[in-house]
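Q: Could you walk me through this model, taking a feature at a time? I would like the general idea each time, then the case here.

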Amino acid sequence: VNAVANAELPVAMARARGALLVAVLVVARGAASSVHVILTVADDLGYALAKSDAARDIATPAIDALRRDGVELLRHYAHYSCAPTRSSLLTGRQPLHVNVENSAPERSNPLDPVSGYAGPSLAMTLLAEKLQPTHATFHVGKWDLGYATANHTPLARGFDHSIGFFHHYNDAWTAAYDGLDCNATAVDGAWHHKPSNDDDDQQYFASADTETTDTTTTPYRDLWQDAAPSPRALDGATYEDDLFAQRAAAIVAQPRGRPLFLYYAPHLVHGPYQPPDDYLANFSDVNTTLRRKMCALVNKLDAAVGAVADAARSNASFWDRLAWIFLSDNGGPVVTGDGTGVGASNNYPLRGGKYSPLEGGIRVRAFVTGGLVPAPRRGTATAALSAVADWYATICALANVSAVDDKAAAASSGSTTAESSIPPVDSFDLWPAIVGDVVDPHQPQRAEVVIAATTRDRSAASGSGVGPEAIVLVT
């Protein structure tokens, strides 16, 4: 753990000490039936780029304002790559128990229809499925949780509505994805679920322009609305994250009879680095092209988050009942994925970055804001150890639903080996630490975070895989 980064911890602990009585823990949750939740996951956002005073050449006024109105989590840990973090986040399991490979989300093994596909097992209950009976559930932005069949996509996993892309990335101006493996059993971002009485896993393929299985000519468009290709296809003049921010803001502003759960996962600031020209022009004094693009992308992310924040704050009754969680899915890339080139991000003062199990790859900026955070706690921080998996239990507690995964337990009943069983949820409720920084002796606390690395991932990060390994961070 980096000494410089940990210099923040005593200050945070001193500011939090004695702030609230334990009774506030209950009051701050409010009436569970009226709690709104926005869960925002920035993509590849470097530790030093999510805070203006840490990144002197990039201003993030909207994100800074939200953080100042909330509670920052100083020891918050993710996996060091996109898909494992997102799998952990929405299943409430540490990556070791759900997914440790950042593999192509169309990978599949038809011989194992439950767990043989990229992303979380179909036997696991995703967070949106938990909330769907009581909340209006929306997904906007990146998915990266599997899409080999329709059963792996947002509408089958608890979301009422969805607009976004399914793969690791796509073109920010056209939504094209050209990383197609022609031998894949499913086509990247380009299948339609066949509207018939066939088996649920039946599928056929369509290119950007015509229904065809020809994978050699046309890049596939990976932009989806609900269960079909998005009617708002990008034409090279519309920026994808503008579409996402506008949709997220409209969802927040829309009057509704049920509370809201919005999973807002911008493409920003993941590659390909394609910022709009007007944002790029703001950083003409940055000499390095790659770094200039990253600065512009972070600035654009701040504007997108700011648009959603404006919509949320415009309705006082909505804001007062809101818990808004913001985090990055991993550290920013300081080397390219194959370990051969220089990345554009900055995780100072942490060592390492995306694809690395060092602190710069796994310790991420995170905070909770919104009216549900008690006034005495706003602008403070907590040094409690936390992991992305913990948002599952935290949000379930806010919504007054059990975090126990009964579907997974039922699927595991009768299993004779650990390999054939579905691991249970291993998520901890962070709300007591957020609203009071009070240790409840009856409330389990996280003592460690397990970061699992595979041979495949370690080879990509360092050029020399040494086999599976696990790194345990203990308080």
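A: Gladly. Asp226 is found in the loop between strand 10 (224–225) and strand 11. Helices (H or I, at least four residues) and strands (E, at least two) are DSSP runs, numbered from the N terminus. This is a predicted model, in which local features need pLDDT of at least 70 and side-chain atom pairs count only at pLDDT 80 or more, while totals for chains, interfaces and linings use all residues. Residues are numbered from 1 along each chain as its sequence is written, and side-chain values use heavy atoms, leaving out hydrogens and water.

Q: What is the phi of Asp226 near, and is Asp226 buried, exposed or partly exposed?
A: Its phi is near 55°, a positive value in a residue other than glycine. For accessibility, buried means under 20% relative accessible area, exposed over 50%, and partly exposed in between (1.4 Å probe, protein chains only). With 25%, Asp226 is partly exposed. Asn400 has a positive phi too, near 60°, and sits in the loop between helix 12 (390–398) and helix 13 (406–412). At 63%, Asn400 is exposed.

Q: In which order do the strands of the sheet come?
A: Strands of a sheet pair through backbone hydrogen bonds, either parallel or antiparallel. Two strands count as paired if DSSP finds at least two bridges between them. Here ten strands make an open sheet with mixed pairing, in the order 11-10-5-4-12-1-13-14-2-15. At the edges are strand 11 (228–229) and strand 15 (380–382), each of which pairs on one side only. Strand 15 runs parallel to strand 2 (residues 71–73), joined by three bridges, with Glu72 opposite Ala381.

Q: Which helix packs on the sheet, touching strand 1, strand 4 and strand 12?
A: Helix 5 (residues 82–91) does, and its direction makes about 165° with that of strand 1 (36–42). Such axes are lines fitted to C-alpha atoms, for helices over the stretch in contact, and the angles run from 0 to 180 degrees between N-to-C directions. Helix 7 (residues 240–253) lies across strand 1, strand 4, strand 5 and strand 12, at about 170° to strand 12.

Q: How many residues of strand 4 are buried?
A: Seven of its seven residues are buried. Strand 4 is joined by six bridges to strand 12 (residues 260–265), in parallel, and Val140 stands opposite Tyr264 there. It also runs parallel to strand 5, with five bridges between them. One of the partners on that side is Ser162, facing His139.

Q: Which residues touch the most other members of the largest nonpolar core?
A: A nonpolar core is a set of buried Ala, Val, Leu, Ile, Met, Phe, Trp, Tyr and Cys residues joined through side-chain atoms within 4.5 Å. The largest has 53 residues, and those touching the most other members are Leu45, Val252, Leu262, Tyr264, Val269, Leu301 and Trp324. Helix 9 (residues 289–313) gives the most to this core, twelve residues. Another core, of 43 residues, lies apart from it and has Val364, Val368, Val388 and Tyr392 among its members.

Q: How many aromatic pairs does the structure hold?
A: A pair of aromatic rings is described by the distance of the centres and the angle of the planes. Rings of Phe, Tyr and Trp (its six-membered ring) pair if their centres lie within 6.5 Å; planes under 30 degrees apart count as stacked, over 60 as edge-to-face and the rest as tilted. There are nine such pairs. Trp143 and Phe159 are edge-to-face because their planes stand at 85°, with the centres 6.0 Å apart. Both lie in the loop between strand 4 (136–142) and strand 5 (161–165), so the pair ties together parts that are 16 residues apart in sequence. Tyr169 and Tyr177 are tilted instead, 5.0 Å centre to centre with 55° between the planes.

Q: Where does the charged end of Arg313 sit?
A: A charge sits over a ring if NZ of Lys or CZ of Arg is within 6 Å of the ring centre and within 35 degrees of the ring normal. The charged end of Arg313 sits over the ring of Trp319, 4.3 Å from its centre. Arg365 does likewise over Tyr47, at 3.9 Å.

Conventions. Contact = heavy atoms within 4.5 Å.
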